[in-house]
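Please look over the sequence and the model first. The briefing below is meant to be read beside them.

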Amino acid sequence: MKYIKFLVLNIIVFGVLFTLISLLFPSVIQTSKTINIGGGENKILNKLSDVTSWKKWNMFSQTDSSTNTTVVADSTTVVTKWEYNRGRKLHCEIAIYRSTTDSIPVSFTITEKLKWYPWEKFRALVSDKAMSNAVELSLDNLKKQIELEK
């Protein structure tokens, strides 16, 4: 009985410690990448506004487990929100910046608001690198598609 009480007490103490440490992590994770794409601002914005073509270049919309809502904020920004089947909500913003050169800077930002649960915070800490790679790969695919359409 003494060992069982010791085991239960240790589980409670480590659970509380685990939760307290997770509260030190940020509750909003933001991943952003920027790439220069040649091809003209109108061509890029037309490609971004056509949500049906996103499965060809966007790694996040290639899964069938997500639903997305698209809102075009203005003439240089496309904002989307995704909700995955597990309740994860991602806010995506793709911005096109004005440029005096032939290549147009395009920024892809993914923002995820986390719940206070410790496992969510630690999952985000681990999956941040994978999310960053997916954003970079999506931008590379977009660049290839736009530059091949010349």
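What follows is a set of notes on a predicted model, grouped by topic.

The largest nonpolar core has 23 residues. Strand E5, one of the elements that give two or more residues to this core, pairs with both E4 and E1.

**The nonpolar core**

- Among the 23 residues of the largest nonpolar core, those with the most contacts inside it are Ile44, Leu48, Phe60, Ile94, Phe108 and Ile110.
- Leu48 is in contact with Trp54, Trp57, Val78, Ile94, Ile96 and Leu142, if its neighbours within four places in sequence are left aside.

**The strands**

- E5 is mostly covered, as nine of its 11 residues are buried.
- E1 and E5 run antiparallel to each other and pair over 11 bridges.
- Across from Val106 in E5 stands Ile35.
- E4 and E5 also pair in the antiparallel sense, over seven bridges.
- These two strands, E4 and E5, form a hairpin, and six residues lie between them.
- Cys92 has Ile110 of E5 as its bridge partner, and Ala95 stands opposite Ser107 in E5.

**Helix H2**

- Which residues of H2 are buried? They are Ile44, Leu45, Lys47 and Leu48.
- These four cover an arc of only 160° around the axis, so they lie on the same side of H2.
- The face of H2 turned away from its buried side carries the exposed residues Asn42 and Asn46.
- Lys47 of H2 counts as buried because its relative accessibility is 11%, and the cut-off for buried is under 20%.
- The side chain of Lys47 makes a polar contact with the side chain of Gln145, at 3.0 Å.
- Leaving aside neighbours within four places in sequence, Lys47 is in contact with Ser53, Trp54, Leu142, Gln145, Ile146 and Glu149.

- Not counting residues up to four places away in sequence, Met131 touches Thr31, Phe60, Arg88, Leu90, Ile110 and Glu112.
- Met131 and Met59 are 72 residues apart in sequence, and their C-alpha atoms are 9.7 Å apart in space.

**Aromatic rings**

- A pair of aromatic rings is described by two values, the distance of the centres and the angle of the planes.
- How many aromatic pairs are there? The count comes to five.
- One of them is Phe18 with Phe122, a stacked pair with 4.6 Å from centre to centre and 10° between the planes.
- This pair links distant parts of the chain, since Phe18 is in helix H1 (residues 2–22) and Phe122 is in helix H4, 104 residues apart.
- Phe18 is partly exposed, with a relative accessible area of 39%, and Phe122 is partly exposed too, with 22%.
- Tyr117 and Trp119 form another stacked pair, with 5.2 Å centre to centre and 15° between the planes.
- At 29% relative accessibility, Tyr117 counts as partly exposed, whereas Trp119, at 58%, counts as exposed.
- Phe18 and Phe122 belong, together with Phe25, to one aromatic cluster.

Definitions and conventions. Residues are numbered from 1 along each chain as its sequence is written. This is a predicted model: local features need pLDDT of at least 70, side-chain atom pairs count only at pLDDT 80 or more; totals for chains, interfaces and linings use all residues. Side-chain values use heavy atoms; hydrogens and water are left out. A nonpolar core is a set of buried Ala, Val, Leu, Ile, Met, Phe, Trp, Tyr and Cys residues joined through side-chain atoms within 4.5 Å. Buried means under 20% relative accessible area, exposed over 50%, partly exposed in between (1.4 Å probe, protein chains only). Contact means heavy atoms within 4.5 Å. The arc is that of the directions from the helix axis to the C-beta atoms. Two strands pair if DSSP finds at least two bridges between them. A polar contact is a pair of N or O atoms within 3.5 Å; within protein, one must be able to donate a hydrogen and the other to accept it, and residues adjacent in sequence count only if both atoms are side-chain atoms. Rings of Phe, Tyr and Trp (its six-membered ring) pair if their centres lie within 6.5 Å; planes under 30 degrees apart count as stacked, over 60 as edge-to-face and the rest as tilted.
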